[in-house]
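Here is a short briefing to read alongside the sequence and the 3D view.

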Amino acid sequence: MNTTPWTVGGHPLQSRLLLGTARYPSLQVLSDAVAACGTQVLTVGLRRLQPELGGGNAFWQRVRDLGCHVLPNTAGCHSAQEAVTLAEMAREIFGTAWIKLEVVGDDYTLQPDPFGTVEAATLLVKSGFHVFAYTTDDLVVARRLQDAGVAAIMPWAAPIGTGRGPLNPYALETLRARMPDAVLVVDAGLGRPSHAASVMEMGFDAVLLNTAVAEAGDPVRMARAFADATHAGRLAFEATPMATRQTAQASTPTVGQPFWHTT
(Lines give C-alpha, C1' and ligand atoms only; values in the text may rest on other atoms or scores of the structure.)
Protein backbone atom coordinates (compact mmCIF):
# COMPACT_ATOMS: atom_id res chain seq x y z
CA MET A 1 0.00 0.00 0.00
CA ASN A 2 1.38 3.39 -1.00
CA THR A 3 1.25 6.55 1.06
CA THR A 4 -0.24 9.78 -0.23
CA PRO A 5 2.07 11.52 -2.73
CA TRP A 6 3.43 14.91 -1.69
CA THR A 7 4.67 18.03 -3.46
CA VAL A 8 7.72 20.15 -2.72
CA GLY A 9 9.42 22.84 -4.76
CA GLY A 10 6.78 22.50 -7.47
CA HIS A 11 7.37 18.76 -8.02
CA PRO A 12 5.09 15.89 -6.98
CA LEU A 13 6.96 13.02 -5.33
CA GLN A 14 6.07 9.52 -4.19
CA SER A 15 9.15 8.70 -2.13
CA ARG A 16 9.50 10.47 1.21
CA LEU A 17 13.16 9.60 1.67
CA LEU A 18 15.74 12.12 0.45
CA LEU A 19 19.31 10.87 0.25
CA GLY A 20 22.73 12.48 0.40
CA THR A 21 25.54 11.44 -1.95
CA ALA A 22 28.69 11.81 0.16
CA ARG A 23 30.85 9.27 2.03
CA TYR A 24 29.86 6.17 0.06
CA PRO A 25 32.58 3.55 -0.49
CA SER A 26 32.17 3.89 -4.26
CA LEU A 27 29.94 5.36 -6.95
CA GLN A 28 28.56 1.87 -7.59
CA VAL A 29 27.50 1.50 -3.97
CA LEU A 30 25.80 4.90 -4.16
CA SER A 31 23.95 3.84 -7.30
CA ASP A 32 22.87 0.55 -5.74
CA ALA A 33 21.67 2.31 -2.58
CA VAL A 34 19.58 4.75 -4.62
CA ALA A 35 18.01 1.88 -6.53
CA ALA A 36 17.34 -0.05 -3.32
CA CYS A 37 15.51 2.75 -1.53
CA GLY A 38 13.71 4.31 -4.49
CA THR A 39 14.55 7.89 -3.53
CA GLN A 40 13.64 10.59 -6.01
CA VAL A 41 15.80 13.37 -4.54
CA LEU A 42 19.58 13.44 -4.08
CA THR A 43 21.53 16.19 -2.35
CA VAL A 44 24.81 17.27 -3.92
CA GLY A 45 27.45 19.78 -2.82
CA LEU A 46 29.51 21.88 -5.23
CA ARG A 47 32.68 20.62 -3.58
CA ARG A 48 31.78 17.10 -4.77
CA LEU A 49 32.57 18.29 -8.30
CA GLN A 50 36.21 18.78 -7.35
CA PRO A 51 38.30 15.77 -8.50
CA GLU A 52 40.71 16.01 -5.55
CA LEU A 53 37.76 15.42 -3.21
CA GLY A 54 36.52 12.35 -5.03
CA GLY A 55 34.12 14.15 -7.34
CA GLY A 56 34.45 15.59 -10.82
CA ASN A 57 32.70 14.72 -14.06
CA ALA A 58 32.43 11.01 -13.28
CA PHE A 59 30.55 11.73 -10.08
CA TRP A 60 28.22 14.27 -11.70
CA GLN A 61 27.54 11.99 -14.67
CA ARG A 62 26.66 9.10 -12.36
CA VAL A 63 24.29 11.29 -10.34
CA ARG A 64 22.55 12.49 -13.49
CA ASP A 65 22.20 8.94 -14.78
CA LEU A 66 20.31 7.99 -11.62
CA GLY A 67 17.37 10.11 -12.83
CA CYS A 68 16.62 11.80 -9.50
CA HIS A 69 15.88 15.42 -8.73
CA VAL A 70 19.14 17.09 -7.73
CA LEU A 71 19.12 19.23 -4.59
CA PRO A 72 22.38 21.22 -4.44
CA ASN A 73 23.45 22.39 -0.99
CA THR A 74 25.45 25.27 0.45
CA ALA A 75 27.31 23.11 2.97
CA GLY A 76 30.31 24.82 4.52
CA CYS A 77 29.02 28.37 4.24
CA HIS A 78 29.35 30.59 7.32
CA SER A 79 27.46 33.70 6.21
CA ALA A 80 24.30 34.59 4.37
CA GLN A 81 26.19 36.22 1.51
CA GLU A 82 28.48 33.22 1.10
CA ALA A 83 25.46 30.93 0.92
CA VAL A 84 23.70 33.15 -1.62
CA THR A 85 26.80 33.23 -3.83
CA LEU A 86 27.18 29.46 -3.71
CA ALA A 87 23.47 28.99 -4.43
CA GLU A 88 23.74 31.15 -7.54
CA MET A 89 26.70 29.07 -8.71
CA ALA A 90 24.77 25.87 -8.05
CA ARG A 91 21.78 27.09 -10.08
CA GLU A 92 24.09 27.76 -13.00
CA ILE A 93 25.95 24.45 -12.77
CA PHE A 94 23.09 22.08 -11.95
CA GLY A 95 20.34 23.85 -13.87
CA THR A 96 17.85 23.86 -11.00
CA ALA A 97 16.25 26.48 -8.78
CA TRP A 98 16.23 24.01 -5.88
CA ILE A 99 18.75 24.74 -3.14
CA LYS A 100 19.34 23.21 0.26
CA LEU A 101 20.32 26.18 2.36
CA GLU A 102 22.94 25.58 5.06
CA VAL A 103 24.61 28.39 7.02
CA VAL A 104 26.91 27.08 9.74
CA GLY A 105 26.80 28.94 13.05
CA ASP A 106 29.14 26.75 15.11
CA ASP A 107 32.01 24.68 13.74
CA TYR A 108 31.98 22.21 16.64
CA THR A 109 28.30 21.18 16.55
CA LEU A 110 27.66 22.38 12.96
CA GLN A 111 24.53 24.00 14.36
CA PRO A 112 22.85 26.22 11.77
CA ASP A 113 23.07 29.99 12.22
CA PRO A 114 19.40 31.03 12.60
CA PHE A 115 20.01 34.67 11.72
CA GLY A 116 22.13 33.95 8.66
CA THR A 117 19.74 31.23 7.53
CA VAL A 118 16.68 33.49 7.63
CA GLU A 119 18.60 36.32 5.92
CA ALA A 120 19.85 34.06 3.13
CA ALA A 121 16.47 32.39 2.70
CA THR A 122 14.77 35.75 2.26
CA LEU A 123 17.26 36.80 -0.42
CA LEU A 124 17.15 33.48 -2.26
CA VAL A 125 13.36 33.28 -2.37
CA LYS A 126 13.28 36.79 -3.85
CA SER A 127 15.75 35.56 -6.50
CA GLY A 128 13.45 32.73 -7.55
CA PHE A 129 14.94 29.82 -5.63
CA HIS A 130 12.96 26.99 -4.08
CA VAL A 131 14.71 26.97 -0.71
CA PHE A 132 15.00 23.87 1.46
CA ALA A 133 16.17 25.50 4.69
CA TYR A 134 18.22 23.45 7.15
CA THR A 135 17.62 24.67 10.69
CA THR A 136 17.28 23.56 14.29
CA ASP A 137 13.99 22.51 15.88
CA ASP A 138 13.28 26.09 17.06
CA LEU A 139 9.65 27.02 16.35
CA VAL A 140 10.24 30.76 16.06
CA VAL A 141 13.02 30.34 13.51
CA ALA A 142 10.86 27.91 11.53
CA ARG A 143 8.07 30.46 11.42
CA ARG A 144 10.44 33.14 10.15
CA LEU A 145 11.52 30.79 7.39
CA GLN A 146 7.90 30.07 6.53
CA ASP A 147 7.23 33.81 6.37
CA ALA A 148 10.19 34.14 4.00
CA GLY A 149 8.47 31.70 1.64
CA VAL A 150 10.78 28.70 1.69
CA ALA A 151 9.70 25.52 -0.07
CA ALA A 152 10.59 23.29 2.89
CA ILE A 153 11.74 23.72 6.46
CA MET A 154 14.28 21.08 7.48
CA PRO A 155 14.79 20.84 11.25
CA TRP A 156 17.49 18.60 12.65
CA ALA A 157 16.76 15.64 14.90
CA ALA A 158 20.28 15.85 16.35
CA PRO A 159 23.59 17.42 15.28
CA ILE A 160 24.59 16.34 11.80
CA GLY A 161 26.46 13.07 11.54
CA THR A 162 25.82 11.98 15.13
CA GLY A 163 23.21 9.32 14.38
CA ARG A 164 21.64 9.85 17.79
CA GLY A 165 18.06 10.16 16.58
CA PRO A 166 15.47 12.69 17.83
CA LEU A 167 16.94 14.35 20.93
CA ASN A 168 13.91 16.57 21.50
CA PRO A 169 10.74 14.82 20.27
CA TYR A 170 8.62 17.45 22.03
CA ALA A 171 10.12 20.23 19.91
CA LEU A 172 9.58 18.25 16.70
CA GLU A 173 6.00 17.41 17.65
CA THR A 174 5.40 21.09 18.43
CA LEU A 175 6.70 22.13 15.02
CA ARG A 176 4.33 19.77 13.27
CA ALA A 177 1.35 20.74 15.42
CA ARG A 178 1.91 24.50 15.16
CA MET A 179 2.80 24.51 11.45
CA PRO A 180 0.26 22.12 9.88
CA ASP A 181 0.51 23.62 6.40
CA ALA A 182 4.31 23.81 6.13
CA VAL A 183 6.42 21.22 4.36
CA LEU A 184 8.61 19.82 7.14
CA VAL A 185 11.49 17.45 6.44
CA VAL A 186 13.63 16.09 9.27
CA ASP A 187 17.26 16.51 8.28
CA ALA A 188 20.39 15.40 10.17
CA GLY A 189 21.00 13.20 13.18
CA LEU A 190 19.00 10.13 12.17
CA GLY A 191 21.05 6.99 12.66
CA ARG A 192 18.64 4.06 12.51
CA PRO A 193 15.50 3.23 10.53
CA SER A 194 13.49 3.35 13.76
CA HIS A 195 14.45 7.03 14.09
CA ALA A 196 12.99 7.72 10.65
CA ALA A 197 9.81 5.82 11.47
CA SER A 198 9.32 7.76 14.70
CA VAL A 199 9.46 11.22 13.09
CA MET A 200 7.30 10.12 10.18
CA GLU A 201 4.69 8.93 12.68
CA MET A 202 4.67 12.50 14.02
CA GLY A 203 3.46 13.68 10.62
CA PHE A 204 6.64 14.99 9.03
CA ASP A 205 6.51 15.04 5.25
CA ALA A 206 9.85 13.34 4.66
CA VAL A 207 13.32 12.65 6.02
CA LEU A 208 16.74 13.43 4.58
CA LEU A 209 19.81 11.46 5.58
CA ASN A 210 23.28 10.58 4.35
CA THR A 211 25.78 9.26 6.90
CA ALA A 212 23.43 6.65 8.36
CA VAL A 213 23.33 4.91 4.98
CA ALA A 214 26.75 5.75 3.54
CA GLU A 215 28.67 4.62 6.62
CA ALA A 216 26.60 1.51 7.35
CA GLY A 217 28.30 -1.88 7.03
CA ASP A 218 25.99 -2.58 4.08
CA PRO A 219 24.79 0.77 2.65
CA VAL A 220 22.49 -0.85 0.11
CA ARG A 221 20.54 -2.90 2.65
CA MET A 222 20.47 0.05 5.04
CA ALA A 223 19.04 2.28 2.32
CA ARG A 224 16.24 -0.22 1.80
CA ALA A 225 15.66 -0.43 5.56
CA PHE A 226 15.31 3.35 5.82
CA ALA A 227 12.92 3.40 2.87
CA ASP A 228 10.73 0.75 4.49
CA ALA A 229 10.80 2.56 7.85
CA THR A 230 9.95 5.91 6.28
CA HIS A 231 7.07 4.37 4.39
CA ALA A 232 5.78 2.54 7.48
CA GLY A 233 5.96 5.66 9.63
CA ARG A 234 4.05 7.75 7.13
CA LEU A 235 1.47 5.02 6.60
CA ALA A 236 0.94 4.83 10.37
CA PHE A 237 0.46 8.61 10.57
CA GLU A 238 -2.10 8.55 7.76
CA ALA A 239 -3.91 5.65 9.46
CA THR A 240 -4.32 7.77 12.64
CA PRO A 241 -2.77 5.88 15.59
CA MET A 242 -4.92 5.03 18.60
CA ALA A 243 -4.99 7.48 21.48
CA THR A 244 -2.77 6.69 24.44
CA ARG A 245 -4.41 6.00 27.82
CA GLN A 246 -3.39 6.21 31.45
CA THR A 247 -5.02 2.90 32.40
CA ALA A 248 -5.29 -0.56 30.91
CA GLN A 249 -8.27 -1.42 28.76
CA ALA A 250 -9.00 -5.02 27.79
CA SER A 251 -9.43 -5.74 24.10
CA THR A 252 -11.83 -8.59 24.91
CA PRO A 253 -15.24 -7.50 26.31
CA THR A 254 -15.71 -8.38 29.98
CA VAL A 255 -19.42 -7.52 30.31
CA GLY A 256 -21.35 -10.56 31.55
CA GLN A 257 -18.22 -12.56 32.30
CA PRO A 258 -17.93 -14.21 35.76
CA PHE A 259 -15.08 -13.21 38.01
CA TRP A 260 -13.76 -14.95 41.10
CA HIS A 261 -11.89 -12.96 43.68
CA THR A 262 -9.72 -14.65 46.24
CA THR A 263 -8.09 -13.09 49.23
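Cys 77 is buried, because its relative accessible area is 2%, and buried here means under 20% relative accessible area, exposed over 50%, and partly exposed in between, with a 1.4 Å probe and protein chains only. Please bear in mind that this is a predicted model: local features need pLDDT of at least 70, side-chain atom pairs count only at pLDDT 80 or more, and totals for chains, interfaces and linings use all residues. Residues are numbered from 1 along each chain as its sequence is written, and side-chain values use heavy atoms, with hydrogens and water left out.

**Cysteines**

- Cys 68 also counts as buried, because its relative accessibility is 16%.
- With a disulfide taken as a pair of cysteine sulfur atoms within 2.5 Å, the count comes to zero.

**Around Leu 42**

- Leu 42 sits in strand S4, which covers residues 41-45; strands (E, at least two residues) and helices (H or I, at least four) are DSSP runs, numbered from the N terminus.
- Leu 42 counts as buried because its relative accessibility is 0%.
- Beyond its neighbours within four places in sequence, Leu 42 has contacts (heavy atoms within 4.5 Å) with residues including Leu 19, Thr 21, Val 34, Val 63 and Cys 68.
- His 69 is another of these contacts; the C-alpha atoms of Leu 42 and His 69 are separated by 6.3 Å, although the two residues are 27 apart along the chain.

**Salt bridges**

- How many salt bridges does the structure hold? There are six, where a salt bridge is a side-chain nitrogen of Lys or Arg within 4 Å of a carboxyl oxygen of Asp or Glu.
- Glu 102 and Lys 100 form one of them, at 3.1 Å from N to O, and both residues are buried.
- A network of salt bridges links Lys 100 and Glu 102 with Asp 187.
- Asp 228 pairs with Arg 224 at 3.2 Å, N to O; these two are separated by about one helical turn because they are four residues apart in helix H9, residues 219-239.
- Asp 228 is partly exposed, with a relative accessible area of 42%, and Arg 224 is partly exposed at 47% relative accessibility.
- Arg 234 and Glu 238 meet in a salt bridge of 3.0 Å, N to O, and they too lie four residues apart in helix H9, about one turn of the helix.
- In that pair, Arg 234 counts as buried at 10% relative accessibility, whereas Glu 238 counts as partly exposed at 29%.

**The whole chain**

- The secondary structure consists of nine helices and ten strands.
- Along the principal axes, the C-alpha atoms fill a box of roughly 80 × 40 × 35 Å.
- Of the 263 residues in the chain, 48% are buried.
- Among contacts between residues at least 6 apart in sequence, 64% join residues at least 24 apart.
- The chain exposes about 13400 Å², and carbon and sulfur atoms supply 52% of it; accessible areas come from the Shrake-Rupley method with a 1.4 Å probe, and for residues only the protein chains shown count as cover.
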